Amino acid sequence: MRRYLALLTPLIAGCAGNPPQNNPANWIEPSQAVQLAAAKPEEGIRGTFLLTVKTAERTQSGHLFLDSEADYRDQRNLAVDVVPVAIGQLQAQLRSSPEEALKGHEILVKGTARRTKIVFFANG
């Protein structure tokens, strides 16, 4: 089960019309986001999140997950869910696949971090 998943409307720095706040004092790091989201499980926490992308993987449904931890099951992980339509826009801006271009780099994401339960299915 992926314990904490930030379902952020991915406005990765410079990728949308409203860029994230430029004041580092307002940025929320993964550990803070996980704690704040756990405290407000229904509504989550809105803000601008700063994370280093340690892993980037596409799912069978076409979503791209950018994770702050090497193992997405880590309770400290903050994951950014990039929806398929945004992946194409991001790829055009980066001129490379987002998986390759973002891995190992810091990103700013504006949105809402929520605690999300992930169910694993085995053999189907």
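I started with Glu69 and Arg76, which form a salt bridge. I noted 3.9 Å between the closest N and O atoms. I kept in mind that this is a predicted model. The pair counts because the cut-off is within 4 Å.

Glu69 is buried, at a relative accessible area of 15%.

I moved on to Asp71 and Arg73. Their side chains meet in a salt bridge, 3.1 Å from N to O.

Then I checked Glu99 and Arg58. I found their side chains joined in a salt bridge, at 2.6 Å from N to O. Where do the two partners sit? Glu99 belongs to helix α3, residues 98-102. Arg58 belongs to strand β5, residues 55-58. The pair therefore ties together parts that lie 41 residues apart in sequence.

I compared accessibility across this pair. Glu99 is buried, with a relative accessible area of 18%. Arg58 is partly exposed, with a relative accessible area of 40%.

Last, I took the tally. How many salt bridges does the count give? I logged four salt bridges. Among them are Glu99 with Arg58, Asp71 with Arg73 and Glu69 with Arg76.

Technical notes. Residues numbered from 1 in each chain as written. Predicted model: local features only at pLDDT ≥ 70, side-chain atom pairs only at ≥ 80, totals over all residues. Heavy atoms only, no water. Helix = DSSP H or I, 4+ residues; strand = E, 2+ residues; numbered from the N terminus. Buried < 20%, exposed > 50% of the residue type's maximum accessible area, 1.4 Å probe, protein only.
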